[in-house]
Amino acid sequence: MPYQPPASPEASRRQRWWRSLRKRVPWLLLSVGMLAFVAILVLLQPLPRVDRMLQDNARAEISQAPTNEIVIVAIDEKSIEAIGRWPWRRALHAELLRRIAADAPRCIGLDLLMTEPDTEHPGDDRVLANGISDSGCVVLPMALQVRGGKTQSELLPLPALADAATSIGHSHVSIDEDGVARTIYLQEGFAGRTWPHFTKAIEDAAEAYARGTPLPPAPNPHTVAREPTGPWLRRDHQVVVFTRGDPPFKTVSYVDVIRGLVPKGTFTNHYVLVGTTAAGLGDLYATSATSTTGLTPGVTIFGSVLQGLITDRQVILATPLQDLAFNLGPLVVALLGLLWLRPVGVVILICAMLALRLGLHASRPLIGVQFAPAAGFFGLLLVYPLWSLMRLTAAIRYLRWGTEQLNEAMAGLPPMPLRPLSGDFLDREMAVTSQAGLRMRDLQRFIRDGIDHLPDATMILSRVGVVFLGNIAASRHWQAGANGLVGRDAHELLADLRWRTTEAPMMPPSLLVGPDPKPLLGEGQDSQGRSLLLRCVPFYNAGNSHAGWMVALVDITRMRQIQSQRDEALRFISHDIREPSAAILTILELLRASPGALSDEQIQQRIRRHAETGLELADGFVNLARAEAQPFRPEMLDVASLLEQTIDDAWAQARKRNVRIVLVNSVDEALCLVDRSLLMRALKNVLSNALKYSPAGADLRCHVIERPGHWALAIQDQGPGIPVAMQSQLFQPFHRLHSESHPEVHGVGLGLLLVRTVVQRHGGSVEIDSVENAGCTVTLVLPKPTAAELAALGDDKEDL
């Protein structure tokens with residue numbers, strides 16, 4: 001693919017915004033679809049049976065505790081058997097009311113619809129009216145009549161009875177499509193002429209009777225709406241909260257009240273409901289409340305409604321807006337969870353929303369609202385399967401695209417052996433993608449291993465310069481472990497690297513963080529004096545955006561040293577080694593031009609001195625080159641014995657200069673892994689320098705000192721010493737510090753350089769302890785052999 005310049009930051013932001021929007025398109029489609037689907041179900045209510053099933057199950061059942069404020073006078077089988085066939089005389093009802101009123105109840109609800117006069121006993125209507133009037137607070141029922149032609153009209157109590165009653169209320173129970181009575185309407189009637197429910201009329205009448213105040217204005221019972229101009233209106237729809245118990249209320253038989261068998265105080269300060277409970281009288285309803293017969297008398301239903309009104313435990317049916325909030329709220333939370341949560345989290349969130357809905361549904365008596373839960377229930381159950389289906393389709397599409405991209409990127413590479421594909425469609429797609437992924441992993445492993453085994457320190461950095469891959473050479477360069485470089489800032493790692501020319505930092509802080517990545521190439525030097533070639537280049541991802549940096553650090557210290565040695569050798573050959581020969585030629589030219597200018601002895605001495613200087617230069621240069629380049633042949637030797645041997649070899653030179661060499665040994669044996677010839681040459685150079693600068697009659701002291709992990713070979717003279725300011729020049733080639741103060745001492749300035757080269761090849765160091773006019777101590781510090789090296793030495797001795 002040809003190189004393309006990276007996109008601008010503004011273009012990159014637009015691309016990321018469009019990619020983010022495209023990723024959310026499936027979620028937006030699902031959200032809009034699910035919210036619209038649930039909203040339509042809530043508004044149209046096409047699932048009433050499901051709603052009833054969710055509302056009527058045992059876990060969702062709502063009820064209230066029994067109370068002793070309501071007493072039911074039941075027209076039951078026992079009363080019918082004792083009194084006779086229904087209907088009974090209305091004078092008997094008047095007697096019942098008088099007996100109940102004698103016990104001072106709060107109010108009596110006579111749930112008997114009496115809309116026609118008693119033709120068999122004409123005087124009983126007046127007797128009952130008087131009984132109602134004498135009983136204080138009595139409420140009578142009314143109903144809606146629908147004739148064959150569907151003409152609606154009101155069925156009101158007889159005018160005499162209506163005038164005597166405290167209040168009148170409708171006695172309707174709302175029957176759902178499945179024939180079950182679950183709700184009532186607190187207000188029903190034609191427009192401008194609505195009636196309270198029978199139980200509401202009883203509650204209001206009892207409060208007004210107790211306070212002695214009139215009731216609010218009510219429809220005139222003498223004016224019957226025979227020709228209604230509008231539909232029958234209903235409002236204040238409420239759920240019947242059934243009272244628990246069997247029976248739920250205290251119940252006495254009608255005939256027992258007539259016979260005076262009911263204890264005194266039974267009705268005192270109680271609401272009394274008189275109604276039929278016998279199965280043959282037809283006032284039984286199928287309800288969601290538990291019952292032994294499966295049917296509940298209307299008077300018992302009215303008792304539960306009245307208790308709810310008294311205790312303010314009413315549950316109304318939710319409005320369409322409330323149903324929308326109840327069903328859509330948890331669904332919105334679940335849809336938002338799809339964006340931010342993992343699959344397990346989404347499932348837990350949906351279960352939590354279902355539990356919340358269940359809790360709200362079970363708390364209807366506390367909340368006072370009953371919702372239609374089916375739509376939201378189905379929405380929550382469908383959202384995750386639909387989302388999973390959409391994501392699975394997208395995943396298959398992405399797998400196929402990713403496989404094509406991987407195969408295209410690896411075109412030309414050796415293909416992997418194909419494995420037989422099995423399973424369903426998704427299994428086969430994943431198998432193909434897995435094979436392409438394995439090829440990519442092999443390629444990545446090849447690249448990683450290739451980088452890891454590069455000889456130069458190489459690192460892969462993030463866009464801001466943080467290391468996330470470093471090879472073995474890089475770990476070795478910074479003395480870090482296998483993963484010691486990962487996560488570190490390259491600016492800190494390369495902080496001590498400075499340009500070789502200007503000595504300015506090559507990697508100042510935040511250099512790699514800028515918006516415009518540019519390559520960095522050049523040579524620098526670190527704090528350890530190493531010459532390093534730095535290559536830092538940016539790399540880009542498949543979208544042509546800056547993805548990171550690749551850094552290579554090439555150690556060219558050895559190359560620079562060789563180059564310096566070459567320059568020194570050229571200078572030595574071009575100047576130093578030519579100087580003695582040129583001096584000899586000058587002497588010979590002087591003799592030819594002026595034969596008597598010098599004596600034969602002077603000529604011989606000068607030629608001899610210059611020849612010796614040239615030979616010494618050549619030997620020193622050759623010895624230094626050998627010390628640097630000859631193979632290192634280590635063997636386990638006693639360096640104290642080597643020091644003694646060096647002293648013995650220098651005995652003649654010491655005697656000639658009248659200097660005594662004293663060996664002060666504090667150890668019996670100092671084993672060390674050394675190259676005999678190199679170390680002997682270094683010791684000889686140090687001892688020779690000490691003898692050259694020691695005054696006649698002086699003592700030259702030699703020591704072998706044991707240090708932790710090292711042996712120290714020290715040679716101390718009593719010469720002129722070396723000023724501290726000049727000690728940094730000791731190891732410069734062809735440089736003599738005492739050439740002017742001691743012209744009689746010959747040398748070429750390569751001795752100590754050879755010593756340092758030899759000791760460094762042994763892994764040691766050279767220490768100089770000197771001040772001016774106080775002598776000089778040169779110490780060669782060599783590492784002791786390790787335990788493994790000593791064990792190997794012991795094995796070698798046993799083999800011998």
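These legends accompany close-up views of a predicted model.

**View 1. An open sheet of six strands.** Welcome to the sheet, whose strands follow the order E19-E18-E23-E22-E21-E20 and pair in an antiparallel way. Strand E19 (467-470) and strand E20 (498-499) stand at the edges. Each of these two has a single partner strand, so one side of each is left without a neighbour in the sheet.

**View 2. Where strand E18 meets strand E19.** Strand E18 covers residues 457-461 and runs antiparallel to E19, with three bridges joining the two. To find your way, look for Leu-461, which stands opposite Val-467 in E19.

View 3. Side chains of opposite charge can pair when their charged atoms come close. The model has 18 salt bridges, and this view shows the one between Arg-98 and Asp-134, with the closest N and O atoms 3.8 Å apart. This pair links distant parts of the chain, as Arg-98 belongs to helix H4 (residues 90-101) and Asp-134 to helix H5 (residues 123-134), 36 residues apart. Arg-98 is partly exposed, at 33% relative accessibility. Asp-134 has a relative accessible area of 56%, and it counts as exposed because that value is over 50%.

**View 4. A network of salt bridges with Lys-200, Glu-203 and Asp-204.** These three residues are linked to one another in a network of salt bridges. One of the links joins Asp-204 to Lys-200, where the closest N and O atoms are 3.6 Å apart. Both of these residues sit in helix H7 (residues 198-211), and because they are four residues apart, about one helical turn separates them. Asp-204 is partly exposed, at 26% relative accessibility. Lys-200 is also partly exposed, with a value of 25%.

View 5. Glu-635 lies in strand E24 (residues 635-638) and Arg-676 in helix H22 (residues 676-693), so the pair, 41 residues apart, links distant parts of the chain. How exposed is Glu-635? Its relative accessibility is 34%, which counts as partly exposed. Arg-676 is partly exposed as well, with a relative accessible area of 35%.

Note on methods: Residues numbered from 1 in each chain as written. Predicted model: local features only at pLDDT ≥ 70, side-chain atom pairs only at ≥ 80, totals over all residues. Heavy atoms only, no water. Pairing = 2+ DSSP bridges. Salt bridge = Lys/Arg side-chain N within 4 Å of Asp/Glu carboxyl O. Buried < 20%, exposed > 50% of the residue type's maximum accessible area, 1.4 Å probe, protein only.
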